Amino acid sequence: MDAPFFNTVDRIEFEGPESDNPLAFRWYDADRVVAGRSMRDHLRFASCYWHSFNWNGSDIFGDGSLDRPWLHDGDPIAAAEAKMAVAFEFFEKLTVPFWCFHDLDIAPEGHSFKDTAANIDHMVDLAAGYQERTGVELLWGTAKLFGHPRFMAGAATNPDPEVFAYAAGQVAHCMNATHRLGGHNYVLWGGREGYETLLNTDMKRELDQLGRFFNMVVEHKHAIGFEGMILIEPKPFEPTKHQYDYDVAAVHAFLQRYGLADEVKVNIEVNHATLAGHDFAHEIAAAVTAGIFGSIDANAGDDRLGWDVDRFPVSVEQMTLGMLEILRGGGFTSGGLNFDAKLRRQSIARDDLFHAHIGGMDTMARALLAAASIIESGELDRFRDDRYSGWSEPLGTSMLAGDHTLAGLHERAFGAGEPMPISGRQEHLENLVARHIERAR
Ligand code: XUL
Ligand code: CO
C-alpha cells in the first residue's frame with residue numbers, strides 16, 4: 001500500500017469564511033476564543049474509526065465500493081497495522097484532537113478470547129505510540145458486542161449466562177485498553193440489548209441482567225482507577241426491533257432503577273434522537289435536566305429515510321439548537337463531538353473523507369458561534385425568564401413550597417377569575433435564531 005495514503009491532502013488549515021479552498025476550514029478556527037473557551041475546547045471533535053476505516057461501503061444490497069485496501073489484503077495483523085497508520089495520518093492532517101474506536105475496529109478477532117485479547121493488546125501498544133507522536137487523544141473506547149453471531153440474542157440481556165459472562169470479559173478488556181490509552185470516557189451502546197418478539201423474551205429478567213452488567217462496569221471502573229465517564233448511548237431500534245436504551249428518558253429511568261444515576265451519563269446521537277421521534281435539542285435538554293449529559297455523536301438522518309443513515313451533519317440550524325442546549329448546560333466536561341458519520345457509498349475518492357469531516361466541523365463551528373451569540377445577546381433567555389416570571393410572585397412560590405392543597409386551590413378558583421393568556425411568540429423567536437445564524441461570524 002502506498003504511503004502516505006492521503007497523498008493529495010496536506011494539513012487542513014483555517015482560512016476564513018471567504019476562502020474557496022474546499023480543503024480548508026472556513027469556520028473552525030481551533031484557537032479562536034468564543035464565550036471564554038477556545039473552539040477546540042468547546043467542540044472537542046473526534047473522528048470515529050469504524051465508519052472511516054472499517055467500513056468498505058457495502059450495504060444490504062451491494063458490496064464494498066470504497067478504496068480501503070487493508071480490509072481485504074494480507075495478514076490480519078499487518079492489515080490492522082496498515083489501517084492504524086492511515087487512521088493517524090488522517091487524524092493528524094485533519095487536526096482533529098480526539099478519536100474513538102470499538103475494540104474490534106482496531107484489532108482482528110482471533111480464534112479464541114485469548115487470541116483476540118492478544119491482538120487488541122498489540123494494537124493498543126501501537127495506538128499508544130501514535131497518540132504520543134501525534135498528540136491525538138482518545139475521546140472514548142467501546143466494545144463491539146453486536147457483530148458476532150454469539151450476540152444475536154443480546155450480550156448482557158442474552159438468555160444464556162455464558163454469553164453474559166463472555167461480554168463481561170470483553171468489556172473488562174476493552175475498559176482496560178481505554179484506560180491504558182488515557183480515554184476520557186467509556187461508551188456502552190446496546191446494539192443487541194433489546195428484543196424482536198415478546199413471545200420468547202422475559203423483559204424483567206433481561207432488564208435485571210442489564211442493570212447488573214452496568215453495575216459491574218461501574219465497579220470495574222473504580223477497581224482499575226479509570227477516571228473517565230461511563231456513557232450509555234440511547235437508540236430506539238435498529239438492529240433490534242425494540243432497544244431497552246430507547247431514549248434519554250428511558251435510560252434515565254433505567255439508571256435510577258438500578259442505582260446508577262450518579263455514575264453513568266449519556267452519549268446522545270443526533271440520528272438516534274430523531275429515530276426516537278425527538279429533536280436532537282430535546283434529547284440534550286432532557287439529559288441536562290436529569291444531570292446525565294455526557295457526550296455527542298454528531299451526525300444527521302434523512303427526512304425521508306427511517307433508519308440510521310449516519311450522514312455528516314449539514315444543518316447549521318439543527319446544530320445551533322443543539323449547541324444552544326449544550327452551552328446552556330455548561331458545555332462539555334469529559335465529552336465531545338464524535339463524528340459517528342459515514343460517507344455516501346459513491347464517495348469513493350480518498351479525499352472525500354476530508355471533505356465530509358471539514359463540512360461537519362464547519363457546520364458545528366458555525367452552530368457554536370450562533371448559539372454563543374444567542375446566549376450573549378440575552379434576548380432569548382430574557383423572554384424565557386419573563387414567561388415564567390409569575391413563579392417568582394407569591395402565588396407561584398407558595399404553591400411550589402407546598403403551602404397549598406388541591407382543596408385550597410379549589411376554593412380559590414371560585415373567586416380568582418380567568419388567567420390572562422400571553423403569546424408564546426414562537427415565530428418571533430425562530431426569527432431571532434435565524435438572525436443570529438445569519439450574522440454570527
Ligand atoms: C450505532 C452507533 C454505534 C455507537 C458505538 O448506531 O451509533 O456506532 O456509537 O457502538
Ligand atoms: Co453512535
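A: On a 1 Å grid over the protein atoms alone, a pocket is an open set of points with protein on both sides within 12 Å along at least five of seven lines. A molecule sits in a pocket if more than half of its atoms lie within 2 Å of its grid points.

Q: Where does ligand 1 sit?
A: Ligand 1 sits in the largest pocket. This is a predicted model: local features need pLDDT of at least 70, side-chain atom pairs pLDDT 80 or more, while totals for chains, interfaces and linings use all residues. Residues are numbered from 1 along each chain as its sequence is written, and side-chain values use heavy atoms, without hydrogens and water.

Q: Which side chains have an N or O atom 2.7 Å from an oxygen atom of ligand 1?
A: A polar contact is a pair of N or O atoms within 3.5 Å. Glu 233 makes one at 2.7 Å. Glu 269 makes one at 2.7 Å. For Asp 297 the distance is 3.0 Å.

Q: Which peptide bond is cis?
A: Most peptide bonds are trans. The bond joining Glu 238 and Pro 239 is cis, with omega about 10°.

Q: What is the phi of Ala 35, and of Asp 310?
A: Most residues other than glycine have a negative phi. Ala 35 has a positive phi, near 45°. Asp 310 also has a positive value, near 50°.

Q: Is Asp 310 buried or exposed?
A: Buried means under 20% relative accessible area, exposed over 50%, partly exposed in between (1.4 Å probe, protein chains only). Asp 310 is buried, at 5%. Ala 35 is exposed, at 59%.

Key
Chains lettered and ligands numbered in written order. Polar contact = N/O pair within 3.5 Å; in protein donor to acceptor, adjacent residues only side chain to side chain. 1 Å grid on protein atoms, 1.4 Å probe; cavity = no way out; pocket = protein on both sides within 12 Å on 5 of 7 lines; lining within 4 Å.
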